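Take a look at the chain below. Read it alongside the report that comes after it.

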Amino acid sequence: MSNTNSTPNTQSSRESQNSHDTHDSVRNERNENEADGRRPTPMEVLRQARAQLTELTGLVPETVSSFEQTEDGWSVEVEVLELARVPDTMSLMASYQVELDPEGQLTGYRRVRRYERGRADTRGGR
């Protein structure tokens, strides 16, 4: 008899493998960009930001809520699940501000807010 439901361990294992695959893909893109002497595309920068943040924090990004090119490179705000709870609407989420250089290499990050998944944001515009 087979069980088709994902247990937390198999889900965590899948997320870890997906994160590893994404990191390898980002590394390959970076090597290709260096070889042709071109800058990464915005999508490549987003992939790099997600992979590098995951590698540093162990948290898997769920969404990117903002993305912009700056004088110094790129600025990305990423939403991550920090603490899973039941029901899911009570899970703790966090927004991280991620700074990258023009080539998409992470130069810094910081958590800018923490909130429950099911709560509407009371701050204007965010």
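## Model and confidence

This is a predicted model: local features need pLDDT of at least 70, side-chain atom pairs count only at pLDDT 80 or more, and totals for chains, interfaces and linings use all residues. Residues are numbered from 1 along each chain as its sequence is written, and side-chain values use heavy atoms, with hydrogens and water left out.

pLDDT is the predictor's confidence in each residue, from 0 to 100. Its mean over the chain is 82, and 68% of the residues reach 70 or more. Residues 1-8 have pLDDT below 50. Where pLDDT is low, the predicted coordinates should not be read in detail.

## Helix H2

Helices (H or I, at least four residues) and strands (E, at least two) are DSSP runs, numbered from the N terminus. Helix H2 spans residues 42-57 and has 16 residues. Just after H2, Gly 58 has a positive phi of about 80 degrees.

## The hairpin

Strands E1 (residues 61-70) and E2 (residues 73-83) run antiparallel, joined by eight bridges. Two residues separate them in a hairpin. Thr 70 has Gly 73 in E2 as its bridge partner.

## Salt bridges

A salt bridge is a side-chain nitrogen of Lys or Arg within 4 Å of a carboxyl oxygen of Asp or Glu. The count by this rule is six. Arg 38 and Glu 44 form one, at 3.1 Å from N to O.

Glu 82 pairs with Arg 111, with the closest N and O atoms 2.9 Å apart. This pair links distant parts of the chain, E2 and E4 (residues 106-116), 29 residues apart. Glu 82 also pairs with Arg 114, at 2.6 Å between the closest N and O atoms.

Definitions and conventions:
Expected span 1.5 Å × (residues − 1). Contact = heavy atoms within 4.5 Å. Pairing = 2+ DSSP bridges.
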